[in-house]
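Good morning, colleagues. Please have the sequence and the coordinates open while I speak.

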Amino acid sequence: FIFPFNISKLKNGFGILVSDDKFAYSKNLTIRGNYALQFKLDDKGVNNLGIGFGFGVLNGVFDNSLAKNSTTSLPWINPGKYTSTSIDLGVGIFFTSSRFYCGISANHLNSPKIPLDNLTYTLKQTFYVTAGYMMPIAESRFSFYPSFLVQTEFVATQVALSGVLDYNQKFWFGGSYRIDDAATALVG
């Protein structure tokens, strides 16, 4: 859910994210609030800078009974159910102009920990860098929007490259390729 609002001519926004992720023996529930503030960098409002902060609670559950159909056993973890709650923090900054945007953000800044019996699982700090540009195609109603997104935790890195062809700011199609992983078609 996103709730935009203005205070003293400043654009503000508040968002709520609820995520329930289940995989094999684990189940994680995240409830997160995000707040962003946008500053105009010129009189016409063409160039803007947004700054955002995220604060959330992560409830992690590890339970051997969750993966009843799994052939994988985890003998180093005692049978039972382990639950923990951690605070999760994030931050980001985003610049936009009439044809260009770029941003950088980070999740799990405080590296939340989920204890599992005598082990502890730590969510690694994850950083994102993105940028894109709108290129009008000469003497036509078409524009091309190339962009990229890099996600890293400094152990593994994912890079996604995208391109969208827009007609008259009404219809668009394109694709995205996450290197060595997946391809996606985009239509709107």
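First, the conventions. This is a predicted model, in which local features need pLDDT of at least 70 and side-chain atom pairs count only at pLDDT 80 or more, while totals for chains, interfaces and linings use all residues. Residues are numbered from 1 along each chain as its sequence is written, and side-chain values use heavy atoms, with hydrogens and water left out.

The largest pocket has a volume of about 630 Å³. A pocket here is an open set of points on a 1 Å grid over the protein atoms alone, where a 1.4 Å probe fits, with protein on both sides within 12 Å along at least five of seven lines; lining residues have an atom within 4 Å of a point. Points are joined across faces, edges and corners, and the volume is the space filled by probe spheres set on them. Which residues lie nearest the centre of the largest pocket? They are Ala36, Ile51, Gly52, Gly92 and Phe94, out of 35 lining residues. Strand 4 (48-63) provides the largest share of this lining, namely seven residues. Strands are DSSP runs (E, at least two residues), numbered from the N terminus. By class, the lining has 17 nonpolar, 16 polar and two charged residues. Ala, Val, Leu, Ile, Met, Phe, Trp, Tyr, Cys and Pro count as nonpolar, Asp, Glu, Lys and Arg as charged, and the others, Gly among them, as polar.

The second largest pocket has a volume of about 530 Å³. Its lining comprises 19 residues, with Asp21, Asn28, Leu58, Tyr121 and Leu123 closest to the centre. Strand 3 gives the most, five residues.

I turn now to the loops. Methionine 134 sits between strand 9 (126-133) and strand 10 (135-136). Leaving aside residues up to four places away in sequence, methionine 134 touches Ser98, Arg99, Ser143, Phe144 and Tyr145, where contact means heavy atoms within 4.5 Å. Its C-alpha atom is separated by 4.7 Å from that of tyrosine 145, 11 residues apart along the chain. Why is methionine 134 counted as buried? Because its relative accessibility is 14%; buried means under 20% relative accessible area, exposed over 50%, and partly exposed in between (1.4 Å probe, protein chains only).

Most residues other than glycine have a negative phi. Serine 111, however, has a positive phi of about 45°, and aspartate 180 has one near 60°. Serine 111 is buried at 19%, whereas aspartate 180 is exposed at 74%.

Notes
Helix = DSSP H or I, 4+ residues; strand = E, 2+ residues; numbered from the N terminus.
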